[in-house]
Amino acid sequence: MRFARNAIKSVTTKATVENMKHLWNDYQRNFATERGKRIDELDVARLGGWCDSRDILMVHKRLTRAQSTMLIQLRSQNIGLQAYLERIAKVDSSQCGCGAAVQDVDHIFFHCPLLAEVVEAQLYGHPAVQCRNMYRLMTEFASHLTAFAIINLGLEQFEPVVDDYDILF
Ligand SMILES: [Zn+2]
């Protein structure tokens with residue numbers, strides 16, 4: 001009985017992974033086509049295969065639920081920053097507190113003067129990271145990146161778990 005259950009689980013898991021792989025590939029292809037781009041020209045959130053060496057599924061398996069949620073939000077840009085909040089009509093402006101016109105993931109991690117010091121010290125310059133490549137940060141260093149984001153982006157949704165990640169820094 002146990003053997004049969006395990007066999008069924010193994011088959012359904014395999015089928016689910018295959019299905020997700022196809023969904024992901026279709027999503028990437030459609031997203032690129034709609035924008036007249038090649039898949040390798042997509043933004044960092046949409047790069048990577050479902051089951052390649054930097055397998056997105058494997059990256060998520062190494063994260064806590066909160067970190068996994070944060071990673072999806074960072075990669076999809078559907079995150080409580082001004083750019084997204086304006087897109088869904090929750091705020092009137094996509095402007096960042098520093099005065100930049102668009103507060104999105106790219107701005108926060110690479111251009112915002114208000115966060116530059118903490119980003120440099122706790123993310124790019126952190127001894128465990130030493131990396132500025134966003135694709136690598138979102139895959140190899142996803143645990144560190146998401147913990148950093150949970151602590152520093154001040155998103156209300158993550159407030160209950162902020163203290164869980166302090167230990168990393
Ligand atoms: Zn800013």
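The model is a predicted one, in which local features need pLDDT of at least 70 and side-chain atom pairs count only at pLDDT 80 or more, while totals for chains, interfaces and linings use all residues. Residues are numbered from 1 along each chain as its sequence is written. Helices (DSSP runs of H or I, at least four residues) and strands (runs of E, at least two) are numbered from the N terminus.

Q77 comes after α3 and has a positive phi, near 65 degrees, although this residue is not a glycine. Is Q77 buried, exposed or partly exposed? Burial is judged from C-beta atoms placed from the backbone: a residue is buried if 20 or more others lie within 10 Å of its own, exposed if 12 or fewer do, and partly exposed in between. Q77 counts as partly exposed because it has 16 C-beta neighbours inside 10 Å.

Which residues of α3 are buried? They are Q67, M70, L71, Q73, L74 and R75. An α-helix has 3.6 residues a turn, so residues three or four places apart point the same way. The cover over the buried residues of α3 includes α2 (56-61), α5 (105-111), α7 (134-138) and α8 (142-152).

A positive phi is also found at A89, where the angle is about 60 degrees although A89 is not a glycine. A89 belongs to the loop between α4 and α5. This residue is exposed because 7 other C-beta atoms lie within 10 Å.

Another exposed position is N19, with 11 other C-beta atoms within 10 Å. N19 is part of helix α1, which runs over residues 2-34. The C-alpha atoms of N19 and Q77 are separated by 24 Å, and the two residues are 58 residues apart along the chain.

Turning to the whole chain, there are 8 helices and 0 strands. The C-alpha atoms fill a box of roughly 60 × 45 × 30 Å along the principal axes. Of the 169 residues in the chain, 21% are buried. Two residues are in contact if their C-beta atoms, placed from the backbone, lie within 7 Å. Among contacts with a separation of 6 or more, 43% join residues 24 or more positions apart.
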